[in-house]
Amino acid sequence: MSGARDEPLDGSSEPAPTPEFVAALPWRDLGDRIVLFDRHQGEEMILGGSGVTVWRLVAPRRPVVAVIRELAALLGDGTPEFGEAMAFIDELIDRGALRRE
Amino acid sequence: MNSSTGERCDVSDLPVNPRRVLARLLVPAPASDPDPLVPVADEAWTALRSAAISERVVPALAGAVADGRLAATAEQADDAADLWLERMRRCLRIEGRLLWLTDALAQRGVELRVLKGPASAHLDHARPEDRQFGDLDVLVRGEDLPAVFAELEADGFQRRFPEPRRGFDQRFTKSVSFAGEVEIDVHRTLAEGPVGHRIPVDDLWRRAAPFEVGGVEVNALDHPERFVHACLHTHLGPPPARLSSLSDVARGLVGDVVDLDEVARIADRWRVGPVVERAVATAIVECWWPAEIDAAWLRPTAPSLLDSVLIESHRQAQVSSATRAVLATLTVPGLASKCSYLTALAFPERSYVATRHAGQRQRLRHAVRQLRSATLGARPHGGTP
């Protein structure tokens, strides 16, 4: 996946400046938990709570800006849950599970 | 229990046969929802979870608990969920190795087909979470085996058993196992010995079914060939077949994806029709079947005497490896190949003998004992060729 850009969060006509994309990983959805294999680290990651919500949005390999917009609508922009989800997205980027194009 | 209607399992079966209960959880739940079942007693739960582990169908147990087909206490539900998680962790680690191997072999220009577990999980089950697997099976062309072995050994994998004689793998072997972070079985064909030599290996490369693992496209056998393979794997071994294997056959029957006429054509061409028919009948009897399944599958035709002997040599645990080797020469194509095959097994290289017997002489004595036992009807000693 490359080159795609998404609408900005604020609804303006300017495209989001740094869209992020999902680097696909093998994963399994077990309902309340998701386990995925981090190929970069060679270990499994087990997600719960907001991680499950985030991954279900991320896994179809949509641009992360779109995922963030959906999270904001789902959890409420500025809520603790949204902050938790954003922190998890940052962690995924740090681990290489998400990447910037 | 009336399996023709696919009704839910009866927990009263549990103390008697947990396998029977689990087999009924392998196929989709019926549309009608009977009364909820009470949670099973701890003793029965222990038997059920042990059977699910040994039969490699933990997802069926955990899934049935999760969707309410099998009632469970909160503790049992947690237990099932944890078991499921552990199995899926293992599956993902195996898929990680699949991605590594796919990439490494692509760089060498070697094509592969994914067999059994991962392919069935992604292509034949409703979702990959429903199928667990414990190792990685891949098919490569005979001429590519050395390159694949080199790649595995360079990454620390160790071959379990040496080659009987140089060239045996590329011409005759079914598969070669490697131990490492995960077990990887590298196949040349789909079945061993007496029945396996009938399969024209070029047929396995004519087409493929792609699926995606972690964003990477990999290839499995196409649906009909995959179904025939599931049948071979289910029926060509000492019964009872492991439920995870039976699940692959059952899923093919209920998934409405497999063209059974095409399956029959392939089975005829490979001369494994009786194996397929019996595997299907076993799956139907042990699991559940939808009304639209052709009842003719339940009445397998009688195999020829030769087919019976060949098939039973796979299924009867007391049949010696020496007897199997002799029978296998019947199906190895070509006189020269038959001679090479027998020679390789009768006079293997020293490294091969060392893993099994104290020496060549002991090996020959062992083989003679096995054949005499088979001829006289006494129970021989086990062993591999």
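On a 1 Å grid over the protein atoms alone, a cavity is a set of points where a 1.4 Å probe fits but cannot get out, and lining residues have an atom within 4 Å of a point. Grid points are joined across faces, edges and corners, and a volume is the space filled by probe spheres set on the points. The model is predicted: local features need pLDDT of at least 70 and side-chain atom pairs count only at pLDDT 80 or more, while totals for chains, interfaces and linings use all residues. Residues are numbered from 1 along each chain as its sequence is written, chains are lettered from A and ligands numbered from 1 in the order in which they are written, and side-chain values use heavy atoms, with hydrogens and water left out.

**Cavities**

Two cavities of 30 Å³ or more are present in the structure. The volume of the largest cavity is about 140 Å³. Its lining consists of 14 residues, and those nearest the centre are B:Ser120, B:Asp124, B:Arg226, B:Ala230 and B:Asp248. Helices (H or I, at least four residues) and strands (E, at least two) are DSSP runs, numbered from the N terminus. In chain B, helix 5 (116–123), helix 9 (223–235) and helix 10 (243–254) each give at least two residues to the lining of the largest cavity. Helix 9 of chain B has the largest share, with seven residues.

For the classes, Ala, Val, Leu, Ile, Met, Phe, Trp, Tyr, Cys and Pro count as nonpolar, Asp, Glu, Lys and Arg as charged, and the others, Gly among them, as polar. The lining of the largest cavity then has three nonpolar, seven polar and four charged residues.

B:His223 belongs to helix 9 of chain B. Its side chain makes a polar contact with the side chain of B:Arg226 at 3.0 Å. A polar contact is a pair of N or O atoms within 3.5 Å; within protein, one must be able to donate a hydrogen and the other to accept it, and residues adjacent in sequence count only if both atoms are side-chain atoms. With neighbours within four places in sequence left aside, B:His223 is in contact (heavy atoms within 4.5 Å) with B:Leu123, B:Asp124, B:Val257 and B:Val258.

**The interface of chain B and chain A**

The contact takes in 22 residues of chain B and 17 residues of chain A. The size of an interface is often given as the accessible area lost when the parts come together. Here buried area is the accessible area (1.4 Å probe) that two parts lose on being put together, summed over both. Chain B and chain A bury about 1700 Å² between them, and 57% of it is on carbon and sulfur atoms. Of the area that chain B buries against chain A, 36% comes from B:Leu85, B:Leu92 and B:Arg93, more than from any other three residues.

Seven residue pairs are in polar contact across this interface, both residues at pLDDT 80 or more. On the side of chain B that touches chain A, two or more residues come from each of helix 4 (74–107) and strand 6 (209–213) of chain B. Helix 4 of chain B gives the most, 12 residues. By class, this side has 11 nonpolar, four polar and seven charged residues.

Side chains of opposite charge can pair when their charged atoms come close. A salt bridge is a side-chain nitrogen of Lys or Arg within 4 Å of a carboxyl oxygen of Asp or Glu. The rule gives 31 salt bridges over all chains, and four across the interface of chain B and chain A.

| Salt bridge | N to O distance |
|---|---|
| A:Glu44 and B:Arg89 | 3.1 Å |
| B:Arg89 and B:Glu86 | 3.6 Å |

B:Arg89 and B:Glu86 both lie in helix 4 of chain B, three residues apart, about one turn of the helix.

**Backbone features**

The peptide bond from B:Pro239 to B:Pro240 is cis, with omega near 0 degrees. B:Pro240 sits in the loop between helix 9 and helix 10 of chain B. B:Lys116, in helix 5 of chain B, has a positive phi near 50 degrees although it is a residue other than glycine.

Conventions:
On a 1 Å grid over the protein atoms alone, a cavity is a set of points where a 1.4 Å probe fits but cannot get out, and a pocket is an open set with protein on both sides within 12 Å along at least five of seven lines; lining residues have an atom within 4 Å of a point.
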